[in-house]
Amino acid sequence: MDTTRLRRRRAGPAPGLPGGPRGRGRAPRAPRDGRRGCPRDRGVGGRRRAPCRRPARRAARSAAEPARPRGPRSPAGRARTGPARTIGGQGPGADAGAATRPATRRGGTPGPVPARRPRCGSAAGRRRAMTPGRRFDTGRRTTRYRHGVVKAPISVTALRAAIAEELRIQRRPVTVRVIDRADLRDGRLELRVEPEYAQRTGDVPHRIDETLEGAGIREATEERWRGQIEAVEPIHRSLVVTLTGESRPVPGDRALISLFDYLRSLEAWAGSIDELPPMFVQLARRMTPGGATVALDPPEGLRAAQRRAVELAGRPVLLVWGPPGTGKTYTLASIVERHVAAGRRVLVVSTTNVAVDLLVLAIDDAFRRAGSPLEPGVLVRPGMPVNARLKNDPDRRHLLRWTEALDDLAARERMLEDRKRLLEAELARAQRNASRRGDLLSELASVRTALRELTQTRNEILKRLTRDAQIVVTTCALYVSNELVHKKEYEVTIVDEASMVPAAVTARLLADARMAFVFGGDFMQLPPVSRASSRNACATTWFAQSIFEIAGATETPERRRLLARRTMVMLDEQSRMCEPIARVVSKTFYDGNLRTVGRPAVGVSGPGWPEDPVVIVDPLAYELPPGTPPVSSRPVKAEPSGQTWDRSAHVARDLVERALAALDERTSFIVTAPYRQQAELLRKLVSPLDDGERLAAGTIHQMQGSEADVVIFDPVAPLGWFLARSSSAARLINVALSRARSQLIVLARAHELAGNPWLVEITRVAVRWPDVAPP
């Protein structure tokens, strides 16, 4: 026997190596970052050699020296060691505002935290997949997983990098073509547009949605006209535009849209700070923000959960979780009324102009219910309202002081801008005429002086309106970019649709000291829109997540802790959906906590039409009417991405045609699909069937915030990765199902729905309708 090997075995492990003999006759082995044993520990021909010392030396060197950045994980997902597990993957040497916690293995000893893939088929897997992605942190850098998203540090450096990436991606404008134009009463235009292939993405058309609000638009070739987008109607792809000149767009014009001007202001703010707002860091650390708490007395007529939300709205931070149909906007308006009644100045922000107008109307109604109607000047709404009720109702004129002040100066400003462009054009042509150039330069200087004076006058008027107001209601983008709005001292900030507000904008709101912050939203619906999130980890953290993800509300243990500590309150009583639809939504997405109260919608009925609230229609078993063009028997891949199925689209068209003839004329319809190409096909087929406002067709993203009596949902491929296993599947399906008030029709085969964890509950309550034939 080899005496050298025997001495080593009796003496125990070599100096500096952890552990001892793993069994009789075996030399000790050093763990190598959670991997299998080092190949040098294995002998030749069944013989074992002394353990390799390299892993031990590497471990000793790692403990003595600071961690150095390494490359990403291997495809197999092997964990690397790190000195600390951090929130958002922040490692040593990060900013002062970062939050860290020590990393431990299951046994309690420091070491790597292995990644665990969520299983979407189980109940626990469904809860894990509800989030945009779990944190798999290594302490040094973060990586991408199949069921998760990239995480980046919660730090000022990562915030600046995220803003820079968003600006880089959106540097080039989006190209659209004007299809139709309509003149509105207030001098603005409504343009119906079609997106062309965006220059900045190469081959993917830009989505026409509310994220374009506040962007600039101009004619692409000669810049004959230019203006600003005030509002977007995504279902019909309509833009409400305010033009700065006399020229008007005509159908066929190509236009360029410059995205996200407010990012420049956000970039300037991020560059001026050294650390993140303390309250934002506390939420990221899963801590309860400290501060003084004031008591609020809820008004009469609220439900139990709504009363609890109003009572807690005096805390430093309150998250109001409002599932569909629970009266979230109604509750936030009551909170505004209670704070103003106590003499506090309140800032209310939301994501779009449409949502802001609804908030203004809800706040006005709350004060009327309280018996103290708003006086002119108490509430100002910076920006341009788009809601017809708000603009045309004589009883709401006291809510439009800001708009009226701008309208008085708008005509003179447009005239001066036109004169300025004309003089600049003449000056460019008069290159050799010195006397003519002198006259033009003199007149141009006077016009520019008049424009500066007009701008100064407007700013003084708006500053006075903002200073005297107790309630300011505006969009997040305008708050970030307008100094007149964000420099006013407020005591309470209320954010509506907070689940769609990026974390970077939330940090900007929290940077301004307030007595109380209230964030209302539903993190089980659509998240913030980030154009660069798939390309950059920092953009994912700061622009694809909201305050709910930062605070951990999307994770079941953290959500329970937030509810127990009363940092978050859930509105658990809905009255929009009828009971069977609400039961599907509640069990699948809200752990059965959503209850139906009051007088929800009732079912629909008509000759030859099913009366059941939830119906499954099999596209392959459905007999299409004569004259239908040839269709495929299965979904096909669409270009450049997604899937489309012409057979299910023709089935949806026939169902809509039958419903319009059988149901009451006041019944409203929504036809939606998760893929843009399928939504385009549905819109093309069903739009000619209705000339009024009863029917809307589009993607699920475009239907966020809408509701209808009957919803026809075409999932196209229920077992595909996008709807069954992607991180956004739960949110998309939740939005699609919860739009229905009286009836939900799903176009799919029953066995495919049973294989999808987010659609399986439909098969337990729905009635199958596979043998429908045209009358």
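1. How many bridges join strand β21 (residues 669–673) to β23? There are 4, and the two strands run parallel; strands here are DSSP E runs of at least two residues, numbered from the N terminus, and two of them count as paired if DSSP finds at least two bridges between them. F669 has V710 as its bridge partner in β23.

2. On provenance, this is a predicted model, in which local features need pLDDT of at least 70 and side-chain atom pairs count only at pLDDT 80 or more, while totals for chains, interfaces and linings use all residues. Residues are numbered from 1 along each chain as its sequence is written, and side-chain values use heavy atoms, with hydrogens and water left out.

3. Strand β23 (residues 708–713) also pairs in the parallel sense with strand β24 (residues 740–747), over 5 bridges, and V711 stands opposite L744 there. Of the 6 residues in β23, 6 are buried (under 20% relative accessible area, 1.4 Å probe, protein chains only).

4. Elsewhere, 6 strands close into an antiparallel barrel in the order β3-β4-β7-β6-β5-β8.

5. Leaving aside neighbours within four places in sequence, W542 is in contact (heavy atoms within 4.5 Å) with residues including P153, L276, F280 and P502.

Terms used: Buried means under 20% relative accessible area, exposed over 50%, partly exposed in between (1.4 Å probe, protein chains only).
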